[in-house]
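Subject: Structure handover

Hello,

Here is the structure you asked for. My notes come after it.

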Amino acid sequence: MGFLDRMKDKAQEMRERAKDIVSQSPNGTANGAGSRAGVEASPRRLIDRFQDLTMPSSPVKNASIDDESSTTREFLRVYAQRREARMEEEVSTVARTNQIEATEAARTDPLVDAMARGFFDEPSTSGDVVFDPVEDSLLRLGNDFTVEDLSKEEERLSDLADRVSSALNKEILAHGSDFEAGMTKIAAINGCLEESRIVMSNSRRLLQRIGADVKSAMRVTSSHTTKGSILSALRLLEDIKYCQTCENSIRSYLDISEYAEAMSVYSKAWERLENMHALTCTSTLREDFVALRWELVSCVDNVLVDLCGTFDSERFTKLYNTYPSLGNEVKHLADKIQDAFLKAVETQTEGMLRLHAMLSYNQDEAKATRKSRMGYKELCSQLSPMQFVPCIRKTLESLYEIFLSSYKMTTWCKTRMADVVEASDTEAINVCSALIAALEINRKPVVEMASVRLAALLQASSAPSNAAFREVFDLCRVFITCAEAFVGEEVPQLRAQLERVGDRYFESLHSARLDALKAMLENERWMPVSVDAIKRVRDDLRNAMQRGRAALGLTKTLGDTVMTAFISEQVLNAESFLKFIDAPNPFVAVDDKSADVEHKNMSEEKLDGGSDGDEKGDVERNEEETEQEEEVHGFSKNDVDKVGLDRPGVKITASSLYVLQGIVEYTALMQVMRPSVPIIFNGICQLFELALVKTFNAFGRTEALAPESHDMTPRLKGTLSRLGNSGGVMAIRPVSIANVDYMSSGNLYGLKERVVALESLCRVADEFKRIKARVKRSLPLKDAALADRFYSHTVAAVEDLREHVYKSVASLLLNISFCIDAIGDGDPNFALVNSTLSGKYNIREATTRPNRWVADVQGELLRFTTRLACADIAPEALRVLWHYARGVIEDTLVEGFSKVKKCTEPGRALMTLDVQTLQKEFKKLAPESANSDWRYIDTYVQAFYTKEDDAMKWMQIHPEYTKAQKVALVNHASAAFRWTSSTRTQLIQAIETDTLI
């Protein structure tokens, strides 16, 4: 609502009030309250009251005039003066007119006219009393007046006030429009006056300011040189103060590691210091800033090292943008980054080493202080086996993060390079190009330095346990894969170092295993282990042979973790490391529970997914390859489950079980330590050779190794001689049977132990044959001949050893050595049946009764059968023992027959009868599976009937008989059939001189 509207409303309100007053007092009188108000009010006061009510507040406040033109200011001043004067004149005219009109209106009333003239005038404020209403009323009452007179006077004055008020109200109602117009003019005048006042106030301030500026300008103009000096000094002081403030700010930023803000402030402050380089007073400040620069550079170095360890694009962007502000005196950012990555490798590796080496519960303060002063290589030797694996895992984890940071930093620079090329920023292009080149060139030095630190850690540390070493070796192998992918080429130094470490560890492991196996074999009781143990080692061996898989029954290695994604056979180029960017860090330790859950989830995914077909195909292919390999080595598809550890009722000794566990363990190492496969295979061979030698040493006849002995095959003799001559754990030492309790006659000369030992060794040999093809595939071509020689000599010699041992025990259990003398004619004390003085087979008539020695041998065969039954021998071993028992009988008979001095045709018939009688008894006692071929003795007996002309040929085609046996045969036949003496002499001479061939 505007001012005029408010005034109109006010006037309307006063009209209504006047009407009410008029209607209430038609005779011109009012109540006491209205009379008193009229007495107190005067026309001037009413006008002032209306002015107060209608005076508007200025709508223009705090206005300012910005025009500083002198013409404008003069015009405003004159205009304001004239307007103010005009408004004052109009106000005074209106006030006088209103007063006169009000007075004239009041005087129309007789009562009012009777009042004194000064009764309606304004009271004087100057102190000069013109009219006193009280005095006038007292004069009217006289000197003697009473209370009643005072009451009457009061009523008169009240009536007078009411009449005056009624008259004024009537006048107001009569001149309402004029009153409103007057109020409008008064408001306009008041607004103009307010504007004029503001204009005058602003003008006055402007004039004062202009006056001060003019005075200052006049002073400065009067001394221009002084002015310039002061201003220059002021600017210098301001710059110095700014630099000092910046120094404090930079140090505060450095304290809170806000290096980017510190570098930004430093660049601004140094720019101002450069402008003041000629001033001597700033030299100290410049020195402080130079020192501050190197502090800032050191801080930047630390930040760069942190970024090399864990890349942060936001932090690197700040560093990239603010680093040029340090000036040209510091190294280029590309050189700094190269140094930072090398320092990061050094810092991370040493930090991890000290972190683990200093953790010891029983470590005193002096020892901790001594460790803190040690160098890297010396401190590596202080790691315990328990600390070694976590230390190397953390070291490789940090090195992998450094590789990853370098690759991400290069990617960031290439992205920035594309942006600046698009913006055609030459300087930025040069910087990005230098950074990219430095990062790519620096990859190889970073890998080489990491290799040196890792090699020092592997060489100086004590050897961990077997399972821990496999984990460490697999970690190093994966690290080599990552490092070669990172640098884009092979790292021969790291591979060679890892190979040397692997060889050193394997030598230590293998030496300990050989010593343990030697002690186990020397103290072996040759008792079979439990079926569960055999089943476990069989499963471990089968799983170990599965291509690309770790043995599930062994201590858990990295083959079932994230490591399986990293293989050493990879194509190396500039983008080889790209596959590692989104993959998790392969060196982060995962607890077994998490790994099991992950493995279970992966298995469920495989069952739900479409990879079953591929895995099934791989399994089928592996099974086909296994079947083909087993068929090649004499195992038909139908007999696969009947060889090795798959044979029903298989018996394995503790030492053989230890050998099989060694095969499993070494096979797992072969999958990890690819360069050391020949050495590991040689270790497997040595385990088997030691078992072979010690088994022979326990049950074989060491005198059979003599060159003139023929009690074993040449292959077995050559193998045992070669191994025994190597010395060490392979040395063959004669063992007296009397000193071994289980080899006594009461224990059947260790028959049960011999059978278990030999069958166990044969099963191990079968397992070696089973893995031959896969082992040969793992070996380099130059070492394939080593495997062939091992299998053709050592593994094949197991059957020869079994023959030798079974033959020896058969000769001990079947003691028919007396038959040699009983059959021959050399023992005059032996009682002969149906014999003459010339010999028992030098008879003229045939007989149907065998010799007495045949019954003795039959008795020994019966006792032999009883002993075998008491030993509870497996059917196969039983068959082999009976086979060699037959061989013992044949050898004894041939040797006995060769001791016969003379033999006639009836005597040869008696020999045949004796042999056939024994054969019948043997077939009756021996199992059906035993070999009943008596060709050796039959051939010798029937050779008696060879013609004289064919004798030489027979001697040539039968080298299995000894010289003495052949000479005896020639003597028997020549005497019986009356050969010529020349033929007899020629044959004997040829036999004795070995000229039959």
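Below are notes on one helix and on the salt bridges.

This is a predicted model, in which local features need pLDDT of at least 70, side-chain atom pairs count only at pLDDT 80 or more, and totals for chains, interfaces and linings use all residues. Residues are numbered from 1 along each chain as its sequence is written, and side-chain values use heavy atoms, with hydrogens and water left out.

Among the buried residues of α7 are Glu-153, Arg-156 and Asp-159. Buried means under 20% relative accessible area, exposed over 50%, and partly exposed in between (1.4 Å probe, protein chains only).

The whole structure holds 31 salt bridges, each a side-chain nitrogen of Lys or Arg within 4 Å of a carboxyl oxygen of Asp or Glu.

- Glu-350 and Arg-354 pair at 3.1 Å, N to O. Both lie in helix α13, 4 residues apart, about one turn of the helix.
- Asp-800 pairs with Arg-715, with the closest N and O atoms 2.7 Å apart. This links helix α30 to helix α26, the two residues being 85 residues apart in the chain. Asp-800 is buried at 7%, whereas Arg-715 is partly exposed at 38%.
- Arg-538, Asp-539, Arg-542, Asp-646, Glu-767 and Arg-770 form a salt-bridge network.

Regards
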